[in-house]
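Here's a quick tour of a model, written to be read with the viewer open. Have a look first, and then we'll go through the parts.

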There are 2 protein chains.
Amino acid sequence: MYIPRHFEVTDDDQIFAFIEANGFGQLISSVQGKLFSSHIPFLLSSDRLKLVGHLAKQNPQHTDIDNQEVLVSLQGPHSYISPSWYNYPGVPTWNYQAVHIYGVCQVFDDREKIKLLVDSLTGKHESSFQNPWQPDYKDSMLGAIIGIEVSIDDIQCKYKLSQNRPARDRKRVIEQLEKSGSISLARAMRHW
Amino acid sequence: MYIPRHFEVTDDDQIFAFIEANGFGQLISSVQGKLFSSHIPFLLSSDRLKLVGHLAKQNPQHTDIDNQEVLVSLQGPHSYISPSWYNYPGVPTWNYQAVHIYGVCQVFDDREKIKLLVDSLTGKHESSFQNPWQPDYKDSMLGAIIGIEVSIDDIQCKYKLSQNRPARDRKRVIEQLEKSGSISLARAMRHW
């Protein structure tokens, strides 16, 4: 990803927190020489060395992804930014946060390992509820999916959050985003 | 993209309306044999035959994208869906909307054409404001970007909006999404 220096994020804790919070992303690879992307939730392994997920066996992407170098693209909230919000002259742009991970993909079909993966994914996303749903997967369901593991070989992190604008402009951008309902993006800007 | 029949959208007006409303997406191609993605706003041409956008000249993606078949991936709002929201048994999933467009990319460096493009993009995104910002681009800025045009050769549209669940479950999912602040996704489900 093209990242001008003022938008580059290199702090590991920051990057991994972003990955944990924005795990629904795109698995991009090539299928028979053609670009292909699936929108799936990813789980970061506890040793931070891999992203794990699963695909339907009917999804052709898994058929030749094994040992391929793939791109996992994660994106956070985003919004158009109007120069009319600035105190100082500027041009229109888009604010967003993105993490790109390059790594080699391995597929796995071991039923126990797949069960562990879906249980962990479920646990993660249910943890914010008062009465978390308890995993209860039928064997036939587990048999319909295949696991994928992407080694985290290269991480690129871009926060395009008006860091190239004066503080007064950033403040006004945050206020306008809050006014227009882009709460998550405004929060990301406040905390960066 | 893998699209089970109940999640497939084929109505042209619906698809193009989605593209217009969710134009900030990813331009995915290969740069020196490696997958590459840029997050940029796309504009649909008035004849609906092309997506148009621009890249910074410093972005290496433009250097060998000319005449490449690329993938433009557009994604709408998305959310985890808990089976605890259902009346009938189910498993966790993610609801989302996505459009994938395949086409051949052409770059253009004509200053007048680039000016027309950024003026149109600006006009589109400023149109919702009471006092739209008036385009005022310096020549040096226009010289720092390069235009890209992607022919729309193949469109794939997936709305994963609980269409495989009974009406009572869909209703509860919408209510829960509204409660948790996923207003745009809830609205998409109500109108589908």
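## How the copies meet

Through which surface do the copies meet? They meet through the same surface, because 100% of the interface residues of chain B are also interface residues in chain A. Contact here means heavy atoms within 4.5 Å.

As for the symmetry, two copies of a chain are related by a rotation about an axis and a shift along it. In this case a rotation of 180 degrees, with 0.0 Å of shift along its axis, puts chain B onto chain A at an RMSD of 0.0 Å. The two copies are thus related as by a two-fold rotation axis.

## Ground rules

This is a predicted model, so local features need pLDDT of at least 70 and side-chain atom pairs count only at pLDDT 80 or more, while totals for chains, interfaces and linings use all residues. Residues are numbered from 1 along each chain as its sequence is written, chains are lettered from A and ligands numbered from 1 in the order in which they are written, and side-chain values use heavy atoms, leaving out hydrogens and water.

## Chain A at a glance

Chain A has five helices and eight strands. Those are DSSP runs numbered from the N terminus: helices are H or I with at least four residues, strands are E with at least two. Reading from the N terminus, the order in chain A is α-β-β-β-β-β-β-α-α-β-β-α-α. Along its principal axes, the C-alpha trace of chain A spans about 60 × 45 × 30 Å.

## Hairpin and strand pairing

In chain A, β3 (residues 43-44) pairs with β4 (residues 50-56) in the antiparallel sense over two bridges; at least two DSSP bridges are needed for strands to count as paired. Leu44(A) has Leu51(A) as its bridge partner in β4(A). The two strands form a hairpin with five residues between them, and Arg48(A) in the turn has a positive phi of about 60 degrees.

Over in chain B, β3(B) and β4(B) make an antiparallel pair over two bridges, with Leu51(B) as the partner of Leu44(B). Their hairpin has five residues between the strands, and Arg48(B) in the turn has a positive phi of about 60 degrees.

Two packed helices are described by the angle between their axes and the distance between the axes. In chain A, α4 (residues 167-179) and α5 (residues 183-190) pack at about 155 degrees with axes 8 Å apart. The axes are lines fitted to C-alpha atoms, for helices over the stretch in contact, and angles run from 0 to 180 degrees between N-to-C directions. α4(A) and α5(A) are therefore roughly antiparallel, a label for angles over 145 degrees. α4(A) passes α5(A) in a left-handed crossing, where the near helix is turned anticlockwise from the far one by less than a right angle.

The α4(A) side of the contact is Arg170(A), Val173(A), Ile174(A), Leu177(A) and Glu178(A), and the α5(A) side is Ile183(A), Leu185(A), Ala186(A), Met189(A) and Arg190(A). By class, that contact has seven nonpolar, no polar and three charged residues. Ala, Val, Leu, Ile, Met, Phe, Trp, Tyr, Cys and Pro count as nonpolar, Asp, Glu, Lys and Arg as charged, and the others, Gly among them, as polar.

Methods: Least-squares fit on C-alpha atoms with pLDDT ≥ 70 in both. Parallel < 35°, antiparallel > 145°, perpendicular 65-115°, else oblique.
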